[in-house]
Structure formats: C-alpha cells, structure tokens
Amino acid sequence: MKIDWKRKLTSRKWWVSVAALVSGLILAFGGGDEVATTVSGCIMATAAVVGYTIGEGLADSSNKDGGSNGDNL
C-alpha cells in the first residue's frame, strides 16, 4: 500500500492528530501546559505553511499548461 504524502501533508485532521500526540507525550513525560501549548502551536503553524506550499505548487503545476498570463487578479 502506497501512502499519498501530498494528501497526508495537506490534511488538517492529520496535523491536529500529530499535535495532539506530541502535546500528550509532553504532558506524559512531565512537561508543562505552556510547553505543550507552544509546541502544538508550532506544529499547526508548520501545517499551515506546508499545506499552503503544496497547494500552491499543485495549482502552479496545473496552470503551467493552461495558458495563464500570470495575472491572479
């Protein structure tokens, strides 16, 4: 079974699951609430950047042959 990484990395549910797992592990190993919250926020910010970057890359590659003049207005 092959994993579709583009789809996984743009899935908000997957990133929320990762953030929940990591923050749960931080709390389980004695980390504080502030640390868990900060790390979860960093993971979700990374998710936003990765999702946007992959989405824009896919949009750009699909417009490559579409005859777009580059005006996005």
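Helices here are DSSP runs of H or I with at least four residues, strands are runs of E with at least two, and both are numbered from the N terminus.

A word on the source. This is a predicted model, where local features need pLDDT of at least 70, side-chain atom pairs count only at pLDDT 80 or more, and totals for chains, interfaces and linings use all residues. Residues are numbered from 1 along each chain as its sequence is written, and side-chain values use heavy atoms, with hydrogens and water left out.

Back to Ser23. Is Ser23 buried or exposed? Ser23 has 14% relative accessibility, so it counts as buried. Buried means under 20% relative accessible area, exposed means over 50%, and partly exposed is in between (1.4 Å probe, protein chains only). What does Ser23 touch? Leaving out residues up to four places away in sequence, Ser23 touches Ala36 and Ser40. Contact means heavy atoms within 4.5 Å. Now take Thr38, 15 residues from Ser23 along the chain: the two C-alpha atoms are 9.0 Å apart.

Next, the whole protein. It has 3 helices and 0 strands. Along the sequence the pattern reads α-α-α. Of the 73 residues, 12% are buried. Take the contacts with a separation of 6 or more: 53% of them join residues 24 or more positions apart.

Now the helix pair. Helix 2 covers residues 12–28 and helix 3 covers residues 33–63. Their axes come within 9 Å and cross at roughly 160°. Axes are lines fitted to C-alpha atoms, for helices over the stretch in contact, with angles from 0 to 180 degrees between N-to-C directions. Helix 2 and helix 3 are therefore roughly antiparallel. The cut-offs: under 35 degrees is roughly parallel, over 145 roughly antiparallel, 65 to 115 roughly perpendicular, and the rest oblique.

Who meets whom? On the helix 2 side, the residues include Val18, Val22 and Ile26. On the helix 3 side, they include Val39, Ile43 and Val50.

Last, the aromatics. The count is 1 aromatic pair. Trp14 and Trp15 have ring centres 5.0 Å apart and planes at 85°, so the pair is edge-to-face. The rule takes rings of Phe, Tyr and Trp (its six-membered ring) with centres within 6.5 Å; planes under 30 degrees apart are stacked, over 60 edge-to-face, the rest tilted. Trp14 is partly exposed, at 28% relative accessibility. Trp15 is buried, at 11%.
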